[in-house]
Amino acid sequence: MTDAAYNFAYLDEQTKRMIRRAILKGLAVPGYQVPFASREMPMPYGWGTGGVQVTAACLTPDDVLKVIDQGADDTTNAVSIRRFFERTGGVAVTTRTEEASVIQTRHRIPETPLTEGQILVYQVPIPEPLRFLEPRETETRKMHALEEYGLMHVKLYEDIAHNGAISTAYAYPVKVEGRYVMDPSPIPKFDNPRLESAAIQLFGAGREQRIYALPPHTKVVSLDFEDHPFDPSKADHDCDLCGSGSSYLDEVIMDDEGGRMFVCSDTDYCATRRARGFRGALSSEEDAA
Amino acid sequence: MPTTEALTGGFSDAPVQAARAFRAALEVMARPGHIAPVTGAQAPGLSGAASVLLLTLCDRETPLHLAQGSDSAALRDWVAFHLGAPLVPAEEAMFALGSWAALAPLERFRIGTAEYPDRAVTLIVEMDRLAPDGARLTGPGIATEARLSLPETAAFQRNNALFPLGWDAFFTCGDDIAALPRSTKVEAA
């Protein structure tokens with residue numbers, strides 16, 4: 001199945017060593033963005049080139065790979081990356097969270113809790129949490145060095161002043177082990193509590209050439225205020241297919257008359273529940289039978 | 001007259017063996033105190049585990065320091081053939097290899113800068129014994145606590161106090177590796 005024209009997992013060995021060294025330093029300094037010499041990949045920037053390079057550096061032939069895009073295993077980005085590693089690495093693939101040893105994700109953390117031995121690789125567009133507040137890399141680097149994160153709290157405070165609540169709903173900034181403020185990639189803030197995990201979490205930003213990491217059980221705190229504590233909110237609804245009241249939901253517009261339904265963003269979680277007999281408000285007749 | 005010893009002892013299937021070795025290195029660096037086996041390489045005078053780490057992480061872009069006791073003409077030839085890593089004094093090294101005693105004084109090594117804490121040395125410490133007992137470890141990567149037979153505790157405490165600066169260490173013994181990043185808090189047993 002492996003395309004023999006490519007080295008195992010596509011990248012050449014020297015590139016993989018360079019990425020591997022960056023990953024190890026990232027693990028040693030959790031939350032710090034390690035610069036790396038990102039390569040051009042056979043897909044455009046914005047399609048997960050950072051995540052793909054991190055995954056390529058970590059994969060072994062024994063791995064079982066799962067790739068999700070916004071929780072879904074069956075979207076273009078997820079399908080093409082999964083096929084890419086099937087062809088260039090000959091690795092086994094799955095859509096089941098429990099069966100996967102390496103999971104590459106775009107903008108979600110699976111609903112099923114991850115376990116020791118699993119690796120979660122995030123695709124990151126803008127790794128610098130301070131970038132929209134301070135465009136100069138020289139300045140944000142200094143701010144991280146001096147642990148000068150007042151500007152981020154001002155931003156969250158302005159949210160409260162304007163809207164009465166912190167309106168940041170995704171890419172919600174976190175503080176890692178009380179030291180570095182980190183962008184958890186554009187995951188919904190609903191997923192933030194799951195950043196404290198038994199799995200190894202690696203973050204790859206291809207265009208921005210940064211890798212960072214969270215070792216298992218690393219302390220990750222979402223920034224907030226005493227009188228405005230962090231609230232990992234979600235749509236106030238149950239999944240219309242599997243009835244889950246605790247999963248993160250996508251809103252799907254059904255017609256031109258305001259009809260809509262809410263479904264789990266994590267397709268594996270939803271399908272597994274339906275296979276076990278759980279039903280939602282809009283499950284079809286055949287499903288219920 | 002040069003021998004052919006330098007030409008042997010490398011990976012026979014580099015992409016796959018390096019991938020497996022890196023996964024072990026990743027696991028032990030992410031879970032301080034965890035011990036994992038690695039195989040596939042043998043450099044003259046080194047443990048198998050240290051040889052595998054060199055092949056997996058070092059190349060011509062990584063200045064390497066060989067401490068007294070590990071440094072030998074045979075090893076230099078092996079490094080030149082398999083890695084191409086420039087051999088440098090301790091102060092310039094990105095990787096340094098040797099016994100704990102030979103690597104001292106540790107103050108010589110690079111600990112990174114406030115803006116680039118990743119520009120710090122990775123020590124590869126050859127050990128006579130590596131076991132999950134002894135010093136108590138807590139911090140990132142450890143659920144409650146872990147134990148590891150460290151050569152001492154004071155140096156690791158001083159290093160941790162420098163966080164986010166500081167060096168990171170791999171420990172090698174036979175075919176086993178373990179690691180201790182600068183983020184780990186170490187207490188005497």
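Two strands pair if DSSP finds at least two bridges between them; helices (H or I, at least four residues) and strands (E, at least two) are DSSP runs, numbered from the N terminus. This is a predicted model, in which local features need pLDDT of at least 70 and side-chain atom pairs count only at pLDDT 80 or more, while totals for chains, interfaces and linings use all residues. Residues are numbered from 1 along each chain as its sequence is written, chains are lettered from A in the order in which they are written, and side-chain values use heavy atoms, without hydrogens and water.

**Strand S4 of chain A**
- Four bridges join S4(A) in parallel to S5(A), residues 119–123, where A:Ile119 stands opposite A:Val102.
- S2(A), residues 64–69, is also parallel to S4(A), over five bridges, and A:Asp69 has A:Arg106 as its bridge partner.

**Pockets**
- A pocket is an open set of points on a 1 Å grid over the protein atoms alone where a 1.4 Å probe fits, with protein on both sides within 12 Å along at least five of seven lines; lining residues have an atom within 4 Å of a point.
- The largest pocket is lined by 20 residues, and among those nearest its centre are A:Arg21 and B:Asp118.
- H1(A), residues 13–28, and S1(A), residues 34–35, each give two or more residues to this lining, with H1(A) giving the most, five.
- The second largest pocket has 16 lining residues, with A:Phe132 and A:Tyr170 among those nearest its centre.
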